[in-house]
Amino acid sequence: MSAKLIDGRAIAEQINAETLAAIAGLKDQHHLTPGLAVILVGENPASVAYVSMKDKMCARLGIHSERVHLPAATSQGELLAVINDLNFKREIHGILVQSPLSPPIAEEKVFAEIDPTKDVDGFHPLNVGKLALGDPTGFRPCTPAGVQELLIRSGAAIDGAHVVVLGRSRIVGRPLSLILSQKAANANATVTICHSRSSHLAEICRSADILVAAIGSPRFVKADMVRDGAIVIDVGINRVEDKGATKGYRIVGDVDFEEVMPKASLITPVPGGVGPMTIAMLMHNTVRAARMRHGIE
Ligand SMILES: NC(=O)c1ccc[n+]([C@@H]2O[C@H](COP(=O)([O-])OP(=O)(O)OC[C@H]3O[C@@H](n4cnc5c(N)ncnc54)[C@H](OP(=O)(O)O)[C@@H]3O)[C@@H](O)[C@H]2O)c1
């Protein structure tokens, strides 16, 4: 079976166009400009790059954006104070703290400090709880929400499908398993979640109608782990050395794309699959936060 590529960039652009139209409506009808604050601690090159991509997308879509760049030596108390100020800032509707944060700062303390109505990353315990309870009023984490949106817009049948999620992290695997197992449209999947202690991993993967890899291990998923005709979503972003590449490395996913592609009915590339969806969903969530704050939704 020959695979069809899921074009994450094109689907993200559809969502961005919808967000742009929604922002124009908010500005025209409600004189309201959605605002996003992104807090970056330290100089982690990947985090710096992600934050500037978010800034650029805000500028493109007409979202007011504020970047708060704090030194690596910032204490947890100082960071919480910055979040607290943003919680009260009227022109800011969404707050994001770029992860990973380094010890001694405890991420869970930081995420819990964000006003849950401004928690556009969906990591506050209240929003995690709402997702677990099936309450749609909360915010959902952007990457797993983006995976669901990719599946929907690619015409994948999620309802009743067996979805195997590799990875149980707080930001991808766990929330994705909750999103796709909701008793709701575009969900209703039977979800198996696997992790580093799972037995019979290859066998479980072979039973998937939809296989999602989110483990951070380059080209881990091989052809013999995928059944003919399965849908394969690759969340992984891994740097591997490549002396021939201009930067000396290249980005690959958690799936061995060349091996798996011929077996899959649909598959995401890396880059150009899930990655662009994460930012598109962040922009979408920011607009939603602004609407909710002003009672428009
Ligand atoms: N596209 C995007 O926008 C986006 C966003 C976020 C993350 N990512 C990428 O997605 C990947 C996962 O990120 P993450 O933050 O979820 O990672 P993480 O926090 O490190 O979690 C990795 C998960 O994978 C499991 N795992 C690791 N090796 C495994 C193996 N060999 N077999 C089975 N399970 C294994 C771990 O199991 P244990 O729980 O047992 O340790 C853990 O649950 C990374 O490559 C990351 O860069 C991409």
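This tour visits a sheet with its packing helix, then a pocket. The model is predicted.

**Stop 1: the sheet**

Select β3, β2 and β4. They form an open sheet of three strands in the order β3-β2-β4, with parallel pairing. Colour β3 (64-70) and β4 (94-97) apart from the rest. These two strands stand at the edges. Each has a single partner strand, so one side of each is left without a neighbour in the sheet. From one strand to the next, the twist averages 15°.

**Stop 2: β2 against β4**

Zoom to strand β2, residues 35-41. Its pairing with β4 is parallel and runs over four bridges. Now show I39. Which residue of β4 stands opposite I39? V97 does.

**Stop 3: the helix on the sheet**

**Stop 4**

Select P136, R140, Q148, I179 and R288. Of the 18 residues that line the second largest pocket, these lie nearest its centre. The pocket holds about 380 Å³ of space.

Next, show α6 (142-153) and α10 (275-293). Each supplies at least two residues of the lining. Which helix gives the largest share of the lining? That is α10, with four residues.

Finally, colour the lining by residue class. Eight residues are nonpolar, six are polar and four are charged.

Conventions. Residues numbered from 1 in each chain as written. Predicted model: local features only at pLDDT ≥ 70, side-chain atom pairs only at ≥ 80, totals over all residues. Heavy atoms only, no water. 1 Å grid on protein atoms, 1.4 Å probe; cavity = no way out; pocket = protein on both sides within 12 Å on 5 of 7 lines; lining within 4 Å. Points joined across faces, edges and corners; volume = space filled by probe spheres on them. Nonpolar A, V, L, I, M, F, W, Y, C, P; charged D, E, K, R; others polar. Pairing = 2+ DSSP bridges. Axes fitted to C-alpha atoms, helices over the stretch in contact; angles between N-to-C directions.
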